[in-house]
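Please consult the sequence and the structure shown below while reading.

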Amino acid sequence: MRKTIFALLINLAFASHQMNAQTNEEQVFKEKYLKQMEKNAVAEAQAQLLLVRGKYRIDNEMYKTLFRVYYNRKLEIEKALLLTGTALNEQKDLAVIISKYDSIANVYLQAIKTKSLIGDKVLDAKDNSKFASAVRNRERLKLNKEQIDNLIYQSKLMADMKKETPSLDLKAHERKLLPTILTDEQYTDLLVILNRKTASDWATNSWKHIKERGIDQGLDSTKVYREIYNYNLAKLVRKDRFGNDMPKTSASLARLVSEQPGALRMLQSDQARNVSNKPEAAKTKFAW
């Protein structure tokens with residue numbers, strides 16, 4: 001009986017030793033596998049970013065953000081594969097992981113294409129607010145990181161405010177906040193950038209109507225265009241910045257102020273005197 005008990009104890013001890021050894025081996029294997037998965041994730045992220053850098057120009061901050069996306073994607077997939085069997089639910093879980101990270105990666109890649117990825121933040125490509133426009137022109141305006149972050153925050157906040165209050169006066173909202181984020185010079189430069197095309201179109205149309213009315217004798221088209229362009233640009237920028245509160249001014253706006261060009265006064269005078277006998281195309285009303 002004693003021999004039997006002794007033999008049983010020895011067997012139990014041996015079995016316990018085997019179980020402990022097996023557990024240790026499993027732990028060592030698990031640690032090695034996890035390290036290998038991390039190496040695989042790093043390699044995958046680097047390979048993906050090599051392709052991205054071949055197509056797009058990205059800075060270090062963007063690189064780090066995208067690296068983390070691709071790294072986490074590969075790591076989670078490998079972990080899921082380790083645990084996934086043949087069960088339908090487990091396969092669906094794996095598909096969800098892949099879909100999630102592919103979606104995240106696609107958002108960033110699309111943002112890069114539209115130049116809407118700023119650091120680790122995505123700017124809505126359809127956002128045409130002045131906050132977003134300032135961010136898109138950040139290099140020209142020489143914005144710092146704090147200004148960029150603030151502008152992106154305000155652009156997203158304004159989009160939410162617009163959804164909640166469709167009647168929100170967006171221009172008034174921008175006029176109130178932009179001077180607190182941008183310097184006087186930056187604000188004026190932004191409005192110049194945004195209004196150049198309109199000012200140019202108006203100047204081109206003015207010269208076209210001057211010729212149609214036959215009052216272009218002795219005028220230099222290039223000089224007239226430039227004078228009317230500068231005049232219109234100054235008016236547009238001032239109106240955009242101050243709305244109807246026109247008496248307000250700024251040091252940066254002072255350099256834009258220009259008197260109404262003589263050629264434009266002549267055009268307006270001719271339009272006022274001779275409306276009925278002029279072509280329909282020449283009856284355009286001008287804001288200034």
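Val135 lies in helix H4; helices (H or I, at least four residues) and strands (E, at least two) are DSSP runs, numbered from the N terminus. With a relative accessible area of 0%, Val135 is buried, a class that covers values under 20%, whereas exposed means over 50% and partly exposed lies in between (1.4 Å probe, protein chains only). The model is a predicted one, in which local features need pLDDT of at least 70, side-chain atom pairs count only at pLDDT 80 or more, and totals for chains, interfaces and linings use all residues. Residues are numbered from 1 along each chain as its sequence is written, and side-chain values use heavy atoms, with hydrogens and water left out.

Leu236 is found in helix H9 and, at 11% relative accessibility, also counts as buried. The table gives C-alpha separations for these two residues.

| Pair | Separation in sequence | C-alpha to C-alpha distance |
|---|---|---|
| Val135 and Ile148 | 13 residues | 5.9 Å |
| Leu236 and Val192 | 44 residues | 8.5 Å |

At the start of H9, the backbone nitrogen of Thr222 has a side-chain oxygen of Asp220 within 2.9 Å. After H9 comes Gly243, with a positive phi near 65 degrees.

A nonpolar core is a set of buried Ala, Val, Leu, Ile, Met, Phe, Trp, Tyr and Cys residues joined through side-chain atoms within 4.5 Å. The largest such core has 37 residues, and those with the most contacts inside it are Phe131, Leu143, Leu151, Leu182, Ile210 and Val237. At least two residues of this core come from each of H4 (130–136), H6 (145–164), H7 (170–181), H8 (184–212), H9 and H11 (262–273). Apart from this core lies another, of 12 residues, including Ala41, Met62, Phe67 and Leu75. Beyond its neighbours within four places in sequence, Val237 is in contact with Thr188, Leu191, Val192, Asn195, Leu253 and Leu256, where contact means heavy atoms within 4.5 Å.

The predictor's confidence in each residue is expressed as pLDDT, from 0 to 100. The chain has a mean pLDDT of 78, and 71% of its residues reach 70 or more. Among its elements, H8 has the highest mean pLDDT (94) and strand S1 (residues 117–118) the lowest (60). Over residues 281–288 the pLDDT is below 50, and this stretch has 25 contacts in the model beyond near neighbours in sequence.

Notes. Polar contact = N/O pair within 3.5 Å; in protein donor to acceptor, adjacent residues only side chain to side chain.
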